[in-house]
Each structure stands twice: as C-alpha cells, then as structure tokens.
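Please consult the sequence and the structure shown here alongside the text.

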Amino acid sequence: MGFSTDCIHAGQEPEPQTGAVSVPIFQTSTYVQPELGRHKGFEYARTKNPTRDALEANLAALERGKRAHCFASGMSATDTVMRLLKSGDHVIAGENMYGGSYRLFSKVVEKFGVEFTYVDTSSVDAVRKAIRPSTRFLFLETPTNPMMTISDIAACSDVAHKSNVLVVVDNTFCSPYLQQPIELGADIVVHSTTKFLNGHSDSVGGVVISSSDEIADQIGFLQNAVGAIMSPFDSWLVLRGVKTLAVRMKRHEENGQAMASYLANHAKVHAVNYPGLPDHPQHALAKKQMNGFGAMISFELGSYDRAKKFLDRVRLCSLGESLGGVETLISHPESMTHASVPPETRQRLGITPGLVRISVGIEDVEDLMEDLEYAFEGI
Ligand SMILES: Cc1ncc(COP(=O)(O)O)c(C=O)c1O
C-alpha cells in the first residue's frame, strides 16, 4: 500500500467484537486464561497489549521494517538498543546528536564498559577509520539535532556491514515520511514518538524498528525483561497521531521550506542550518536520501543576549523543549536540549549561545513569520 494508506490502515483492522474503527485502549494489566496452560495470546500487559501491538504493526510497516517495539520514551527505546551490547563492545556515534542521547551514552552506557568514539558521521571516511574489531554499532542521527548535518545512510551502512557492524539510525527528525533508513541499509531505526509520529505534543514515547526477525526477537526479549513499555493510552494517542502523519508532514515541509528562505534572507540572521537550502554542505545528499527537507531549522543570532531578547519576544511560537508538534516550537539548544554536552564540544559543533532552533508547525506560515518579525524588531 502507499504510505498514506499505511498510516491509516496498517495494523489497524476494525476491532473484531464490535467493528470499532478506532483501535480500543486495552487498559488492563492482565488477561483471564480459560484454563491452566491455555491463553488467547495475551498473558500479562508488560509482555503484550493489543493497543501497543497495533501501533507496533503500524510503525513497522511505515519504516519498512520487520517488527517494531514501543517504549515509554525515545530515550528508553535507545537505551534498550544499547542493552544488546556487552562490556568491551565499541560503538561509533555521531559527534553531534540530541544531548540526551549523548548523556545516555557518556553517563550511563559507558559505565557498563561499552566504549564510544564520537566522529563526524557526515564523513564516511571518518566512520571507516573509527571501526575497530570490537565495534558493534554505528549510531547515526541524520539530520543531526540541532546542526542539521546529514550522514549518508547507504554509504555508511556499506562500510559498517563490511565489518559486521550494525547501523542504528535515530530517525526522529524526519519520520518515515521523509526518510526510511532500513530501505537505505540500516539495521535498526529508533524514534522519539513524542515528536512528528505522535505530532500533537501530548504524549512521550519511543519505538525501535528492527530490519530482521533476529534483531526483533532480541529487542522483544529486552522490552519484556527490562519493561520500559509504552502505555495503552499513549499507544492509542500515537496511533491516532500517525493517521495524519502524511498530511501533517506535507504541510510541515512546505512551512519549513518557506521559513528557511525567510530566515536565510533576513538581515539579522547570521547563518541558517537547513538541508533544503542550496548552500547547505550536504544539500545534494539530502535531496537524494530524503523525500523532502523537513521542518527543523537552526539559525545563528550572534550572541546569547540577542537570542534571549528574540526568544522572549515570540508570542505565537511556543518557547519550549521538544519538536515535531502541530504547533511551532522554538528553543535555545545551548541551554536547553544540549545542556548536557560539554561546552567545548558545543562550541566546536556550532551549538553557540546565539543559536536558536525552530520546529516549524503547521499553522499559517505568514502568521509565524509575522511573529518572528516582531521578535527580530527587538534585537
Ligand atoms: C533526535 C532525538 N532523539 C531522541 C530524543 C529523546 O526522545 P524522548 O524525549 O521521547 O525520550 C529526542 C528528544 O528531543 C530527540 O530530539
């Protein structure tokens, strides 16, 4: 089926007893078994829940993966993937990624004896050079949060697979509408469903999509053994959000492109990071790898003082963490999402005190520009 059809129908057959078109919220912790040793496929809700099952089937279809497993947050999804590793294993990760992923790796996973090397994954050569005999994962975030750097998933996967390294892609910024990493060679995809997949800023969740049954079996085992599951209500919210993913993303994309050119032509903006702009260093790669450029943009205002004045003056755009909602969200990566990244790394990557990130929503873009124009007048 086409992508929009899958958004609405994959995993979402009418409920057999009543024909309800909306998958019910199975708000239960356990299931009565008709006799000892026989059950209907459901024993306990940490292990399996029909609402979560429906969402997992839906997201596996959208990412063209084998199976999906949903978690309580994007971080617990990534954490569960990391639990496939053991002490002595090595991971190559991008030097720029969501600050919380860096915090998980450097402050939690490293404690268990897993080693990390952070490289600029937009250079396939840098990835190749970082591979060691003990390397198990290449962890890519593309585009990166917040610098919007693109890594070549297909080329990195080729290099990684030659050394039996699995490629894990955080596809949160794109959603499967804009990018399907498994089709490009990745082995595992993770998302914060909190963002574009749910799309309405009313649920926190995560998902791991596996490209093979072998990986899915291990993730499924960990989902049950560790237990950081998505609740039935959150599963239902994400299922409802995903039904409109294609139409929302189309509008996000249009607004994102319009906003990026507005910012690029603004006298008070020093630089704009958006893969849809022809002067973005990986514009050609983004064009090839993605089905559009998305709605995430970061831009440089020159100093903390200017960024603060600007952010304090927005009225329609919401100043807050997170992204991917129908409403435009604006933030200051240095002090918010990337506060856990060491200052010298932030400086080197361009996560400066003057950097602002915007997740362009699906409002009338003229209203958003008017709001930003008012904010620019104050700096
Ligand atoms: C790219 C990316 N990955 C993962 C996460 C973590 O997701 P969650 O907040 O749902 O734990 C975020 C959160 O902002 C993110 O931006």
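## The second largest cavity

The lining of the second largest cavity comprises six nonpolar residues, one polar residue and no charged residue. In this classification Ala, Val, Leu, Ile, Met, Phe, Trp, Tyr, Cys and Pro are nonpolar, Asp, Glu, Lys and Arg are charged, and the others, Gly among them, are polar. The lining residues are Pro143, Met148, Phe173, Phe293, Gly294, Ala295 and Met296, and the space in this cavity is about 30 Å³. A cavity is a set of points, on a 1 Å grid over the protein atoms alone, where a 1.4 Å probe fits but cannot get out; a pocket is an open set with protein on both sides within 12 Å along at least five of seven lines, and lining residues have an atom within 4 Å of a point. Grid points are joined across faces, edges and corners, and a volume is the space filled by probe spheres set on the points.

The structure is a predicted model, in which local features need pLDDT of at least 70 and side-chain atom pairs count only at pLDDT 80 or more, while totals for chains, interfaces and linings use all residues. Residues are numbered from 1 along each chain as its sequence is written, and side-chain values use heavy atoms, with hydrogens and water left out.

## The loop between β4 and α6

Pro143 is placed in the loop between β4 (135–141) and α6 (153–162), and a cis peptide bond with omega of about -5 degrees joins Thr142 to Pro143. Helices (H or I, at least four residues) and strands (E, at least two) are DSSP runs, numbered from the N terminus.

Met148 belongs to the loop between β4 and α6; although Met148 is not a glycine, its phi is positive, at about 65 degrees. Pro146 is likewise found in the loop between β4 and α6, and the peptide bond from Asn145 to Pro146 is cis, with omega near 10 degrees.

## The largest cavity

In total, two cavities of 30 Å³ or more are counted. The largest cavity has a volume of about 40 Å³. Gly94, Glu95, Asn96, Met97, Tyr102, His338, Val341, Leu349 and Ile351 form its lining, which has five nonpolar, three polar and one charged residues.

## The largest pocket

The largest pocket holds about 350 Å³ of space. It is lined by 23 residues, of which Gly74, Met75, Tyr98, Ser192 and Lys195 are the closest to its centre. By class, the lining divides into seven nonpolar, eleven polar and five charged residues. At least two lining residues come from each of α3 (74–82) and β6 (188–192).

## The ligand and its contacts

The ligand is surrounded by 13 residues (one of whose heavy atoms lies within 4 Å); Gly74, Asp170, Ser192, Thr194 and Lys195 are the closest. This shell consists of three nonpolar, seven polar and three charged residues.

A backbone N or O atom of Gly74 lies 2.9 Å from an oxygen atom of the ligand, and a backbone N or O atom of Met75 also lies 2.9 Å from an oxygen atom of the ligand. An N or O atom in the side chain of Asp170 is 2.6 Å from a nitrogen atom of the ligand. Taken alone, the ligand exposes 390 Å², of which the protein buries 91%; accessible areas come from the Shrake-Rupley method with a 1.4 Å probe, and for residues only the protein chains shown count as cover.

Notes:
A polar contact is a pair of N or O atoms within 3.5 Å; within protein, one must be able to donate a hydrogen and the other to accept it, and residues adjacent in sequence count only if both atoms are side-chain atoms.
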